[in-house]
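Hi,

Here is the structure I promised to pass on. Have a look at it first, and then read my notes below.

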Amino acid sequence: MLAVKLFGPEDIRLVECEIPRITADEILVKTTAAAICGSDLRMIENGYRGVDETHPLTLGHEISGIIAKMGENVTGYRLNDRVTIAPNFGCGHCKNCREGDYHLCEEYRAFGINIDGGFAEYIRVPKEALSQGNVIRLGDEISAPEAAVMEPAACVLNGQERVEVEEGDNVLVIGAGPIGVLHVMLAKARGAADIYLSDLSAERLKKSAQIAPYIIPLDASGLEEAVMEKTRGKGVDVCIVACASGEIQEKSLGLMNTKGRVLFFGGLPQGKDLIRVHSNILHYGELKVCGSTRCSVRQCESIVAMVKEGKLRLRGLISRQFEGREFMEALKYARSGRGLKTVLIFGNKEEEPT
Ligand SMILES: [Zn+2]
Ligand SMILES: [Zn+2]
(Lines give C-alpha, C1' and ligand atoms only; values in the text may rest on other atoms or scores of the structure.)
(Ligands and ions follow the chains in the order given, each with its own letter.)
Protein backbone atom coordinates (compact mmCIF):
# COMPACT_ATOMS: atom_id res chain seq x y z
CA MET A 1 0.00 0.00 0.00
CA LEU A 2 0.96 3.63 -0.37
CA ALA A 3 2.02 5.54 2.76
CA VAL A 4 3.49 8.98 3.43
CA LYS A 5 6.24 8.52 5.98
CA LEU A 6 8.37 10.96 7.91
CA PHE A 7 12.03 9.91 8.30
CA GLY A 8 13.43 13.12 9.82
CA PRO A 9 13.42 16.91 9.36
CA GLU A 10 12.40 17.72 5.78
CA ASP A 11 12.61 14.05 4.94
CA ILE A 12 9.11 12.96 3.99
CA ARG A 13 8.69 10.14 1.48
CA LEU A 14 5.97 8.33 -0.40
CA VAL A 15 6.67 4.68 0.13
CA GLU A 16 5.15 1.34 -0.81
CA CYS A 17 4.74 -0.85 2.26
CA GLU A 18 2.84 -3.85 3.54
CA ILE A 19 -0.79 -3.48 4.54
CA PRO A 20 -0.73 -3.66 8.36
CA ARG A 21 -1.76 -6.99 9.88
CA ILE A 22 -4.32 -6.90 12.65
CA THR A 23 -4.88 -9.10 15.68
CA ALA A 24 -8.22 -10.61 16.74
CA ASP A 25 -8.93 -7.46 18.82
CA GLU A 26 -8.16 -4.87 16.18
CA ILE A 27 -9.69 -3.19 13.15
CA LEU A 28 -8.20 -2.29 9.80
CA VAL A 29 -9.54 0.94 8.37
CA LYS A 30 -9.21 1.75 4.69
CA THR A 31 -8.55 5.47 4.44
CA THR A 32 -10.92 7.49 2.30
CA ALA A 33 -9.72 11.01 3.18
CA ALA A 34 -7.10 12.58 5.43
CA ALA A 35 -6.51 16.27 6.00
CA ILE A 36 -3.17 18.02 6.39
CA CYS A 37 -2.82 19.92 9.67
CA GLY A 38 -0.49 22.74 10.67
CA SER A 39 1.11 20.34 13.12
CA ASP A 40 1.95 17.97 10.23
CA LEU A 41 3.77 20.86 8.57
CA ARG A 42 5.72 21.53 11.77
CA MET A 43 6.57 17.83 12.18
CA ILE A 44 7.84 17.71 8.60
CA GLU A 45 9.90 20.87 9.06
CA ASN A 46 11.43 19.99 12.43
CA GLY A 47 11.26 16.22 12.52
CA TYR A 48 9.77 14.53 15.57
CA ARG A 49 11.16 12.79 18.61
CA GLY A 50 11.71 9.08 18.02
CA VAL A 51 11.37 9.44 14.24
CA ASP A 52 14.45 8.63 12.15
CA GLU A 53 15.68 6.57 9.22
CA THR A 54 15.01 3.28 11.01
CA HIS A 55 11.83 4.44 12.78
CA PRO A 56 9.76 6.26 10.18
CA LEU A 57 6.23 7.39 11.03
CA THR A 58 3.16 7.59 8.82
CA LEU A 59 1.72 11.04 9.43
CA GLY A 60 -1.96 12.04 9.43
CA HIS A 61 -4.28 12.42 12.41
CA GLU A 62 -7.33 13.89 10.65
CA ILE A 63 -8.81 10.77 9.17
CA SER A 64 -11.90 9.21 7.68
CA GLY A 65 -12.28 5.77 6.19
CA ILE A 66 -14.25 2.57 6.02
CA ILE A 67 -13.82 -0.59 8.03
CA ALA A 68 -11.99 -2.99 5.74
CA LYS A 69 -11.26 -5.83 8.14
CA MET A 70 -12.22 -6.75 11.70
CA GLY A 71 -10.60 -9.07 14.20
CA GLU A 72 -12.86 -11.91 15.33
CA ASN A 73 -13.23 -10.52 18.88
CA VAL A 74 -14.35 -7.08 17.75
CA THR A 75 -17.99 -6.20 18.29
CA GLY A 76 -20.06 -3.08 17.72
CA TYR A 77 -18.87 -2.45 14.17
CA ARG A 78 -19.58 -3.90 10.77
CA LEU A 79 -17.48 -4.27 7.67
CA ASN A 80 -17.76 -1.24 5.38
CA ASP A 81 -18.98 1.04 8.18
CA ARG A 82 -18.02 4.59 7.30
CA VAL A 83 -15.97 5.99 10.17
CA THR A 84 -13.81 8.81 11.38
CA ILE A 85 -11.01 8.23 13.86
CA ALA A 86 -10.49 10.35 16.96
CA PRO A 87 -6.69 10.38 17.05
CA ASN A 88 -5.85 10.42 20.76
CA PHE A 89 -5.98 7.50 23.17
CA GLY A 90 -4.54 6.91 26.61
CA CYS A 91 -3.58 4.33 29.22
CA GLY A 92 -7.23 3.99 30.22
CA HIS A 93 -6.75 4.13 34.00
CA CYS A 94 -5.10 7.42 35.05
CA LYS A 95 -7.29 10.28 36.33
CA ASN A 96 -7.43 12.07 32.97
CA CYS A 97 -8.34 8.83 31.20
CA ARG A 98 -11.01 8.04 33.76
CA GLU A 99 -12.50 11.46 33.05
CA GLY A 100 -12.44 10.80 29.32
CA ASP A 101 -9.55 13.16 28.67
CA TYR A 102 -7.38 10.55 26.97
CA HIS A 103 -5.61 13.35 25.11
CA LEU A 104 -4.10 14.54 28.42
CA CYS A 105 -2.86 11.10 29.51
CA GLU A 106 0.86 11.01 30.25
CA GLU A 107 1.11 7.90 28.10
CA TYR A 108 -1.09 9.33 25.40
CA ARG A 109 -0.75 7.89 21.95
CA ALA A 110 -2.10 9.34 18.74
CA PHE A 111 -2.43 8.28 15.14
CA GLY A 112 0.03 10.19 12.99
CA ILE A 113 1.87 11.57 16.05
CA ASN A 114 3.46 8.57 17.69
CA ILE A 115 1.79 5.62 15.94
CA ASP A 116 1.17 5.27 12.20
CA GLY A 117 -1.59 7.56 10.99
CA GLY A 118 -3.89 8.24 8.09
CA PHE A 119 -1.64 9.36 5.24
CA ALA A 120 -1.75 5.77 4.00
CA GLU A 121 -4.21 3.51 2.28
CA TYR A 122 -4.83 1.47 5.43
CA ILE A 123 -4.63 2.16 9.16
CA ARG A 124 -4.38 -0.39 11.93
CA VAL A 125 -6.50 0.57 14.94
CA PRO A 126 -5.03 -0.91 18.14
CA LYS A 127 -7.23 -2.56 20.73
CA GLU A 128 -6.86 0.29 23.25
CA ALA A 129 -8.11 2.89 20.76
CA LEU A 130 -11.01 0.67 19.83
CA SER A 131 -12.04 0.13 23.44
CA GLN A 132 -11.84 3.88 24.15
CA GLY A 133 -14.28 4.56 21.32
CA ASN A 134 -11.86 6.26 18.93
CA VAL A 135 -13.49 4.73 15.86
CA ILE A 136 -16.66 6.77 15.38
CA ARG A 137 -19.34 5.61 12.96
CA LEU A 138 -20.59 8.25 10.56
CA GLY A 139 -23.71 7.22 8.67
CA ASP A 140 -24.17 8.58 5.18
CA GLU A 141 -24.76 12.28 5.88
CA ILE A 142 -21.14 13.32 6.17
CA SER A 143 -18.77 13.20 3.20
CA ALA A 144 -15.34 11.66 3.65
CA PRO A 145 -13.44 14.97 3.32
CA GLU A 146 -15.74 16.63 5.88
CA ALA A 147 -15.26 13.70 8.23
CA ALA A 148 -11.51 14.17 7.89
CA VAL A 149 -11.74 17.71 9.25
CA MET A 150 -13.81 16.57 12.22
CA GLU A 151 -10.66 16.41 14.36
CA PRO A 152 -9.55 20.06 14.12
CA ALA A 153 -13.18 21.02 14.73
CA ALA A 154 -13.13 18.88 17.88
CA CYS A 155 -9.93 20.61 19.05
CA VAL A 156 -11.73 23.91 18.55
CA LEU A 157 -14.71 22.59 20.54
CA ASN A 158 -12.32 21.62 23.33
CA GLY A 159 -11.07 25.22 23.38
CA GLN A 160 -14.56 26.70 23.38
CA GLU A 161 -15.68 24.42 26.18
CA ARG A 162 -12.67 25.54 28.20
CA VAL A 163 -13.32 29.22 27.51
CA GLU A 164 -17.09 28.71 27.90
CA VAL A 165 -18.42 30.31 24.73
CA GLU A 166 -22.09 30.79 25.44
CA GLU A 167 -25.20 32.17 23.86
CA GLY A 168 -25.08 35.95 23.56
CA ASP A 169 -21.33 36.28 24.01
CA ASN A 170 -19.44 38.76 21.87
CA VAL A 171 -16.52 36.77 20.56
CA LEU A 172 -13.30 37.94 18.96
CA VAL A 173 -11.17 35.43 17.08
CA ILE A 174 -7.65 36.53 16.15
CA GLY A 175 -6.16 34.61 13.22
CA ALA A 176 -8.13 33.68 10.11
CA GLY A 177 -6.43 30.38 9.33
CA PRO A 178 -8.42 27.14 9.28
CA ILE A 179 -8.50 27.04 13.08
CA GLY A 180 -9.69 30.65 13.34
CA VAL A 181 -12.42 30.03 10.81
CA LEU A 182 -13.49 26.88 12.67
CA HIS A 183 -13.66 28.92 15.88
CA VAL A 184 -15.91 31.43 14.17
CA MET A 185 -18.20 28.69 12.82
CA LEU A 186 -18.45 26.93 16.15
CA ALA A 187 -19.04 30.16 18.09
CA LYS A 188 -21.93 30.86 15.72
CA ALA A 189 -23.31 27.36 16.25
CA ARG A 190 -23.11 27.90 20.03
CA GLY A 191 -25.20 31.05 19.77
CA ALA A 192 -22.56 33.78 20.06
CA ALA A 193 -23.87 37.27 19.32
CA ASP A 194 -21.32 39.44 17.52
CA ILE A 195 -18.41 37.46 16.10
CA TYR A 196 -15.33 39.47 15.18
CA LEU A 197 -12.49 38.05 13.15
CA SER A 198 -9.11 39.73 12.87
CA ASP A 199 -6.11 38.93 10.72
CA LEU A 200 -3.09 40.65 9.22
CA SER A 201 -4.20 39.60 5.76
CA ALA A 202 -7.17 41.42 4.21
CA GLU A 203 -7.29 38.61 1.65
CA ARG A 204 -7.81 35.99 4.35
CA LEU A 205 -10.51 38.06 6.00
CA LYS A 206 -12.28 38.40 2.67
CA LYS A 207 -12.14 34.65 2.09
CA SER A 208 -13.37 33.97 5.62
CA ALA A 209 -16.34 36.26 5.06
CA GLN A 210 -17.31 34.16 2.05
CA ILE A 211 -17.47 31.05 4.25
CA ALA A 212 -18.88 32.79 7.32
CA PRO A 213 -20.78 35.87 6.09
CA TYR A 214 -21.86 36.77 9.63
CA ILE A 215 -18.36 37.72 10.79
CA ILE A 216 -17.40 41.29 11.50
CA PRO A 217 -13.91 41.63 10.04
CA LEU A 218 -11.44 43.75 11.99
CA ASP A 219 -8.13 44.90 10.61
CA ALA A 220 -5.19 43.78 12.76
CA SER A 221 -3.70 47.25 12.84
CA GLY A 222 -5.57 49.35 15.36
CA LEU A 223 -7.35 46.29 16.71
CA GLU A 224 -7.81 47.66 20.21
CA GLU A 225 -9.42 50.87 18.95
CA ALA A 226 -11.68 48.91 16.62
CA VAL A 227 -12.80 46.49 19.34
CA MET A 228 -13.53 49.31 21.76
CA GLU A 229 -15.43 51.25 19.15
CA LYS A 230 -17.58 48.26 18.15
CA THR A 231 -18.31 47.28 21.75
CA ARG A 232 -18.88 50.86 22.96
CA GLY A 233 -15.81 50.77 25.15
CA LYS A 234 -16.70 47.53 26.92
CA GLY A 235 -14.47 44.98 25.18
CA VAL A 236 -15.40 41.46 24.14
CA ASP A 237 -16.67 38.65 26.37
CA VAL A 238 -14.47 36.04 24.77
CA CYS A 239 -11.21 36.39 22.88
CA ILE A 240 -9.67 33.41 21.12
CA VAL A 241 -6.08 33.80 20.02
CA ALA A 242 -5.76 31.40 17.08
CA CYS A 243 -2.33 32.44 15.90
CA ALA A 244 1.11 31.60 17.23
CA SER A 245 2.05 35.04 18.54
CA GLY A 246 3.00 35.86 22.11
CA GLU A 247 2.62 39.54 21.32
CA ILE A 248 -1.01 39.01 20.38
CA GLN A 249 -1.59 36.88 23.45
CA GLU A 250 -0.31 39.81 25.52
CA LYS A 251 -2.48 42.28 23.65
CA SER A 252 -5.63 40.18 23.91
CA LEU A 253 -6.00 40.87 27.63
CA GLY A 254 -6.53 44.55 26.90
CA LEU A 255 -9.53 43.79 24.68
CA MET A 256 -11.69 42.19 27.30
CA ASN A 257 -15.00 43.04 28.91
CA THR A 258 -15.26 42.48 32.67
CA LYS A 259 -15.49 38.76 33.45
CA GLY A 260 -14.06 38.16 29.99
CA ARG A 261 -12.49 34.84 29.07
CA VAL A 262 -9.40 34.44 26.93
CA LEU A 263 -8.29 31.28 25.16
CA PHE A 264 -4.73 30.77 24.00
CA PHE A 265 -5.35 28.17 21.33
CA GLY A 266 -2.26 26.44 20.03
CA GLY A 267 1.30 26.69 21.20
CA LEU A 268 4.01 29.25 20.61
CA PRO A 269 7.34 28.35 19.00
CA GLN A 270 9.83 26.90 21.48
CA GLY A 271 11.77 29.57 23.32
CA LYS A 272 9.19 32.23 22.41
CA ASP A 273 6.53 31.30 24.92
CA LEU A 274 7.43 33.79 27.65
CA ILE A 275 4.89 36.61 27.62
CA ARG A 276 4.30 39.70 29.77
CA VAL A 277 0.97 40.37 31.37
CA HIS A 278 -0.46 43.43 33.09
CA SER A 279 -1.68 41.47 36.07
CA ASN A 280 -4.04 44.24 37.16
CA ILE A 281 -6.06 43.79 34.00
CA LEU A 282 -6.79 40.26 35.14
CA HIS A 283 -7.38 41.37 38.69
CA TYR A 284 -9.77 44.27 38.17
CA GLY A 285 -11.52 42.72 35.18
CA GLU A 286 -11.98 39.32 36.86
CA LEU A 287 -10.69 37.76 33.69
CA LYS A 288 -10.05 34.10 33.04
CA VAL A 289 -7.27 32.93 30.79
CA CYS A 290 -7.10 29.35 29.63
CA GLY A 291 -5.40 27.10 27.16
CA SER A 292 -6.44 23.99 25.30
CA THR A 293 -4.69 21.25 23.44
CA ARG A 294 -5.89 18.38 21.26
CA CYS A 295 -9.38 16.92 21.82
CA SER A 296 -11.21 14.07 23.48
CA VAL A 297 -13.23 11.28 21.88
CA ARG A 298 -16.41 12.80 23.32
CA GLN A 299 -15.64 16.10 21.60
CA CYS A 300 -15.07 14.29 18.29
CA GLU A 301 -18.44 12.60 18.71
CA SER A 302 -20.10 15.95 19.45
CA ILE A 303 -18.72 17.42 16.23
CA VAL A 304 -19.94 14.45 14.20
CA ALA A 305 -23.41 14.92 15.74
CA MET A 306 -23.39 18.66 15.00
CA VAL A 307 -22.44 18.07 11.37
CA LYS A 308 -25.14 15.39 11.04
CA GLU A 309 -27.74 17.76 12.47
CA GLY A 310 -26.67 20.51 10.09
CA LYS A 311 -25.51 22.78 12.95
CA LEU A 312 -22.00 22.91 11.59
CA ARG A 313 -20.99 22.89 7.94
CA LEU A 314 -17.40 21.95 7.43
CA ARG A 315 -17.43 21.78 3.65
CA GLY A 316 -16.44 25.42 3.12
CA LEU A 317 -13.25 24.79 5.01
CA ILE A 318 -11.82 22.44 2.41
CA SER A 319 -9.89 24.46 -0.14
CA ARG A 320 -8.33 21.72 -2.22
CA GLN A 321 -8.27 17.97 -2.58
CA PHE A 322 -5.39 15.90 -3.88
CA GLU A 323 -4.96 12.20 -4.45
CA GLY A 324 -2.83 10.40 -1.88
CA ARG A 325 -0.05 9.84 -4.39
CA GLU A 326 0.06 13.59 -5.09
CA PHE A 327 1.17 14.21 -1.51
CA MET A 328 4.22 16.29 -2.40
CA GLU A 329 2.06 18.66 -4.42
CA ALA A 330 -0.51 18.76 -1.65
CA LEU A 331 2.23 19.59 0.84
CA LYS A 332 3.45 22.44 -1.33
CA TYR A 333 -0.06 23.82 -1.51
CA ALA A 334 -0.65 23.44 2.24
CA ARG A 335 2.64 25.20 2.94
CA SER A 336 1.76 28.11 0.67
CA GLY A 337 -0.93 29.12 3.18
CA ARG A 338 -3.20 30.13 0.30
CA GLY A 339 -6.08 27.91 1.29
CA LEU A 340 -7.63 26.61 4.50
CA LYS A 341 -7.70 22.81 4.67
CA THR A 342 -5.91 20.55 2.19
CA VAL A 343 -7.38 17.05 2.00
CA LEU A 344 -5.83 13.88 0.58
CA ILE A 345 -8.19 11.43 -1.07
CA PHE A 346 -7.29 7.77 -1.14
CA GLY A 347 -8.91 6.06 -4.10
CA ASN A 348 -10.08 2.52 -4.59
CA LYS A 349 -7.24 0.16 -5.15
CA GLU A 350 -7.60 -3.48 -6.10
CA GLU A 351 -5.20 -4.85 -3.52
CA GLU A 352 -6.95 -6.63 -0.68
CA PRO A 353 -5.83 -6.84 2.95
CA THR A 354 -4.53 -10.24 3.99
ZN1 LIG B 1 -4.79 18.49 13.44
ZN1 LIG C 1 -4.13 7.68 31.09
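How many bridges join strand β1 (residues 2-8) to β4? Two, and these strands run antiparallel. Strands here are DSSP runs of E with at least two residues, helices are runs of H or I with at least four, and both are numbered from the N terminus. Two strands pair if DSSP finds at least two bridges between them.

Before the rest, some housekeeping. This is a predicted model, where local features need pLDDT of at least 70 and side-chain atom pairs count only at pLDDT 80 or more, while totals for chains, interfaces and linings use all residues. Residues are numbered from 1 along each chain as its sequence is written, and chains are lettered from A and ligands numbered from 1 in the order in which they are written.

Back to that pair of strands. Leu6 sits opposite Leu57 in β4. Both strands belong to an open sheet of three, with the order β2-β1-β4 and antiparallel pairing. Its edge strands, β2 (11-16) and β4 (57-58), each pair on one side only.

Now for the whole chain. The protein chain has twelve helices and 18 strands. Its radius of gyration, taken over C-alpha atoms, is 20 Å, close to the 20 Å from the globule rule (2.2 Å times the number of residues to the power 0.38) for 354 residues, so the chain is as compact as a globular protein of that length. The C-alpha trace spans about 65 × 40 × 40 Å along its principal axes. Of the 354 residues, 47% count as buried, meaning that 20 or more other C-beta atoms lie within 10 Å of the residue's own; 12 or fewer makes a residue exposed, anything in between is partly exposed, and C-beta atoms are placed from the backbone.

There are two domains, with bounds from an automatic or database domain assignment: domain 1 (2-149 + 314-345) and domain 2 (154-292). Their C-alpha centres lie 29 Å apart. The contact between them takes four residues from domain 1 and four residues from domain 2, where two residues are in contact if their C-beta atoms, placed from the backbone, lie within 7 Å.

The stretch I'd look at next is around β11 (residues 171-174). Both faces of this strand are covered: Val171 and Val173 on one side, and Leu172 and Ile174 on the other, are all buried. β11 pairs in the parallel sense with β12 over four bridges, and Ile174 is opposite Ser198 in β12. β11 also pairs with β14 (residues 236-241), again parallel and over four bridges; there, Val238 is the bridge partner of Val171.

β12 (residues 195-199) in turn pairs with β13 (residues 216-219), parallel over four bridges, with Leu197 opposite Pro217. The chain goes from β12 through helix α7 (residues 202-211) to β13 in a right-handed β-α-β crossover. Right-handed means that, with the strands pointing away from the viewer, the path from the first strand over the helix to the second runs clockwise. β11, helix α6 (residues 178-189) and β12 also make a right-handed β-α-β unit.

Why does Gly76 count as exposed? Because it has 10 C-beta neighbours inside 10 Å.

Cheers
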